[in-house]
Amino acid sequence: MNSTLIIQSLMAGLTNSFVYALIGIGIAVIYRGTRIINAMQGDFAVIGGMLTVFGLVSAGLPYVWACALGIAAGAASGLLIDVVCVRPMIRRQADDEAFLLLTIGLAFTISAAVLYIGGREAHLLPGIGGNGTVEIAGAFMSVHAIFLIAISLLVVCGLWLFYRKTIAGLSMIAASVDPDGATSIGINVARMRGYTFVLGGAIGALAGILVTPLISVSYQMGLGLTLKGFAAAILGGLTNPLGAVLGGLVIGLSESLAVVGLSSGYKDVVALTIMLLMMVLMPNGLLGKAGRRGG
Amino acid sequence: MTKTVLNGRLAFAAVMLVGLILPAVFERHMVDLLVYAGLYTIAGLGVGLLLGQCGIVNLAQALFYGIGAYASAYSTVTLGWSPWSGILLGIAISVAVALVIGFPLLRLHGFFLALATLAAGTIGTIFFFEWDWLTGGTLGIGGLPPLSVLGFEFNSPARFYYLVWAVVIILLVLSSNLVSGRPGLAMRALRDSAPAAEVMAVNIHAIRTKIFALSAGLGALAGSLFAHYSTYVSVESFTVQRSIVFLLIPVIAGARSIWGTVAGALFVTFVPELLSGFGDAHQMLFGIMLVLVVTLMPDGLAGIPARVARRFAR
Amino acid sequence: MNTVMTHAPVKSQPLMALRGVAHQFGGLVVLRDVSFTVSRGRIAGLIGPNGSGKTTLFNIASGFLRPANGQIFIDGRDITAASVQERSRQGLIRTFQTPKVFQHMSVRENIEMGLYATTGAGFLASMLATPGARGERARIRRDAQEVGERFGLGSHLNTRAGDLPAGQQRIVELARAYMTKPRVLLLDEPSSGLSSDEVELLRNWVRTLSNEGITVLLVSHDMGLMSVCDTVHALYFGKIIASGSMAAIQADPMVREAYLGG
């Protein structure tokens, strides 16, 4: 085993890290805005990836418009889920388990729907910036991967500004932290929850579009992505987008080392074991704040 | 009071009688589905005890189902043991695994515990796949002997039907006893208010761990019976999707209802079968039905009588 | 709890004692050197304005919070490190500011839970419904029925506790606590949300329980209810500033200043 192999593997891990981080950020956004853990975040990615493929290949749209279609589809699914399912459940004050069962049921349904409509095949997209590669320290990294990392960082910064500087972002947090107080100062709590799902759906779809050129998109990949994203989000303390990046890096890089050191079959075991250990031993995440145990 | 008890007993006797003659009147395929409904009742009962009594969402039941099946397959085919000792081995390993992973994980709650069990179940699937010296990997293990009692072999769907449903009824009775007994009170109490249950001296972590182990044991038993019924096991039967189906059994049934588990298991075996007329759309339609149940029917099928009663009372 | 376990009252020794209890959250000191004792069968009260540390002290006494400093004794035994369950087995039972009944369980089952600590049927015995387990269950039901009727809940025994109005839920919580045959009962704002008639009923209950030998620690804003106490301790910024009868406390110049904002 030589050092180039390890570097190559780490580069792949780095790219994966940001995919997990993006899924984790989506989970964190929805948790922050609704106190719901969304077990179908990975399926937003499937929707986004699939519709972009559809737009580009079947509808013949330009790349950018196809991506816009994918993101819009993710956002629209988020809104639909909030209006059709979450709203009536909030009205009858359903408990935590019910929301989890809902998102699991939705994950099952979306996966089956994609199978029905799109078939079993996996679909690829061309990379952003073409399919070229660049050489870094003797190892190769695709141009797309660099775009993926840059876009992910942009999303993180954008969210940071959004939640800190904009009225909409602040209102969305207020609506989940203290719904009654938020209502009393004129915030429409139900609408904020809708926005949260739109945002979560859009970020999920973006993750799907970015991952499709790397590993392709297929109907059954949602749940696996959700778990990795959740692992990233948990490591980051769950409400913090920057923490999700850190968590994604831990998961992605340790996976890539597991591939080098063990066998590729065990990489998910390593990632998920880290997640379980973190949940038990460091329940507040690597950055150690924000109550996760409550409720 | 006595009249309702009498009516209940009569209804129970009628259901039993219908159950007894079903294999005689149904075609083989239907009997086969009924056997699976029985197996799923056993596995779903475990998940249902956790969900309905303790409020724990368990997405790892396929792991224990798999442990039971592989323990039976390996010990009978490779080691040449008797089927019954294989079943016991499966239960023992499952309970041990449940205690080892449950002890730390059951300190988590709600969403976090659910996703932790999902992770545990996923890890289990990977091991089933990777440890092909034990599980046969994707090829699986075939040629399991049928179960037999005193020389009577349960080697046809009809024969196995009676075996599995006898086991189901015994387990349902035992579970009802448990739930209406002192431990059941404590479980429901800690679900409603953990702090108040602690004040009543309930050791929350101990009870949750015990129920998790019990649920795992039921999963293993179902898995072993499945292995001896189908005589062939492979990784495909023990995926996370299977765990989700097991979880849906109590959800559809109305998680608090023990006997309702049967309805949930019948639902998840027969409804996809009925929907298969719609071709490839059937899985999606099944999914939509599930989402509708979760969204609109918080008490599942078991909640329907109460709803109807409320409507008429108005 | 059977009669063998009931301790004979020792005149000189208080049943419950807090010694030098102090606590802080982050840098904020909420309790400093709080000490008092309650004799067996007596009713002690804690009053104080919001933020005076009442709730913290109450949570420390009931085991939901570990104090940074100080000790808590029940009958001479140090229980500072004991968990909520261990305290419960020692006979220390609390109620909650917002009543925590087991909502999905019937009133009868709620009261039955009071006997959980002193009964024994485990998983296996209950599953097999052994004669022992069935006998025990029947006895629990009978006792719960009796206690329920005594607390005026006879007609609600089969009602889901969560369906009762708030005032009734408090009575259920009290009946459940009584069912455990507690030695010390900690009541956290038991009168909030009750009508004046209900408060009067509650007042009589507290008096009755203390006459039966149960030691009561009461936290409340309700001065009408607090007049049932033998001794009242006034907390102000984490310190006891006055102790005595309710009338004496109300006349105390320091307490008046604390409340009226001098």
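Select chain B to begin: its secondary structure comes to 14 helices and four strands. Helices (H or I, at least four residues) and strands (E, at least two) are DSSP runs, numbered from the N terminus. The structure is a predicted model, in which local features need pLDDT of at least 70 and side-chain atom pairs count only at pLDDT 80 or more, while totals for chains, interfaces and linings use all residues. Residues are numbered from 1 along each chain as its sequence is written, and chains are lettered from A and ligands numbered from 1 in the order in which they are written.

**Chain B as a whole**

Keep chain B selected and display its C-alpha atoms, which fill a box of roughly 60 × 50 × 45 Å along the principal axes. The radius of gyration of chain B is 20 Å, which agrees with the value near 20 Å for a compact globule because the chain has 314 residues. This radius is taken over C-alpha atoms, and the globule rule is 2.2 Å times the number of residues to the power 0.38.

Of these 314 residues, 55% are buried. A residue is buried if 20 or more other C-beta atoms, placed from the backbone, lie within 10 Å of its own.

**Where chain B meets chain C**

Next, show chains B and C together: 21 residues of chain B are in contact with 27 residues of chain C. Contact requires that the C-beta atoms of two residues, placed from the backbone, lie within 7 Å. On chain B, select α7 (157–180), α8 (182–192) and α9 (194–199), each of which supplies at least two residues of the side that touches chain C. The largest share of that side, seven residues, comes from α8(B).

**Chain C and its domains**

Now select chain C, which is divided into domain 1 (13–100 + 182–260) and domain 2 (102–163); such bounds come from an automatic or database domain assignment. The C-alpha centres of the two domains lie 29 Å apart.

**The sheet of chain C**

Select β2, β1, β4 and β5 of chain C, which form, in that order, an open sheet with antiparallel pairing. Two strands pair if DSSP finds at least two bridges between them. At the edges are β2 (28–38) and β5 (77–78) of chain C, each pairing on one side only. Zoom in on β4(C), residues 69–74, which pairs with β5(C) over two bridges. There, C:F73 stands opposite C:D78 in β5(C).

Finally, select helix α1 (residues 54–62) of chain C, which packs on the sheet and touches β1 (16–25), β2 and β4 of chain C.

Conventions
Axes are lines fitted to C-alpha atoms, for helices over the stretch in contact, and angles run from 0 to 180 degrees between N-to-C directions. A residue is buried if 20 or more other C-beta atoms lie within 10 Å of its own, exposed if 12 or fewer, and partly exposed in between; C-beta atoms are placed from the backbone.
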